[in-house]
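Here is a short tour of one protein chain, written to be read with the model open beside it. Please take a moment to look the structure over, and then we can walk through a few of its helices together.

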Amino acid sequence: MTNNATATQTTAPHAPRLNFAKAAPKAFKAVIGLDAAARDGLDPALVELIQIRASLLNGCAYCLHMHTSDARKAGEDEARLHMVGVWREARNFFTEKEQAALDLTEAVTLVDRGGVPDDVYARTAEQFDETELGHVLALIFTINTWNRIALSTAKVAGEDER
């Protein structure tokens, strides 16, 4: 086998894996229910920004493609989409409320790096009322779950299966 053949083998797509929706329909429907409940009352643009940031952090191309596409369809500014991954250096693209949500998204998504710092939580709690904050947290939990479902079942970016 030549080096090119080896490189092709290691970069080939995953073999088809479990269809989670069919294999565990009750669990799948429960995640859909949590997702719908989490979004309730939140600005749709904020929802997409949170989902994009978590998907970037988790390396989930399937969800990243889906949520950037959804954001574009909803009229999100292309420049803001390009800045989500570097939002700390591009704060002028995002409101204080969005920055707080992005910061909390990072802390919860990367919870293994020392938990959710008190200052991050407090900053977010200043920007959202208690109900909104609960929904933001639920949305972060949900997108992290969707990322893990997509990654573990080898969903292919660009193939929106909703």
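What covers the buried residues of α4? The cover includes α3 (25-39), α5 (61-73), α6 (78-83), α7 (96-109) and α9 (130-152).

## About the model

This is a predicted model, in which local features need pLDDT of at least 70 and side-chain atom pairs count only at pLDDT 80 or more, while totals for chains, interfaces and linings use all residues. Residues are numbered from 1 along each chain as its sequence is written, and side-chain values use heavy atoms, with hydrogens and water left out.

## The overall fold

The protein chain has nine helices and zero strands. Helices (H or I, at least four residues) and strands (E, at least two) are DSSP runs, numbered from the N terminus.

Of the 162 residues in the chain, 38% count as buried; buried means under 20% relative accessible area, exposed over 50%, and partly exposed in between (1.4 Å probe, protein chains only). Contact means heavy atoms within 4.5 Å. Among contacts with a separation of 6 or more, 66% come from residues 24 or more positions apart.

## Helix α4

Let's return to α4, which covers residues 44-58 and has 15 residues. From its first C-alpha to its last, α4 reaches 21 Å, close to the 21 Å expected at 1.5 Å a residue (the expected span is 1.5 Å times one less than the number of residues).

Because 11 of its 15 residues are buried, α4 is largely enclosed by the rest of the structure. Those buried residues include Leu46, Val47, Leu49, Ile50 and Ile52, and also Glu48 and Arg53. After the helix comes Gly59, with a positive phi near 70 degrees.

## Where α8 meets α9

Two packed helices are described by the angle between their axes and the distance between the axes. The axes of α8 (residues 118-127) and α9 come within 8 Å and cross at roughly 125 degrees. That makes α8 oblique to α9, since angles under 35 degrees count as roughly parallel, over 145 as roughly antiparallel, 65 to 115 as roughly perpendicular and the rest as oblique.

On the α8 side, Tyr121, Thr124, Ala125 and Gln127 meet Glu132, Leu133 and Leu137 of α9.

## A closer look at Thr124

Not counting residues up to four places away in sequence, Thr124 touches Ala100, Leu104 and Leu133.

Definitions and conventions. Axes fitted to C-alpha atoms, helices over the stretch in contact; angles between N-to-C directions.
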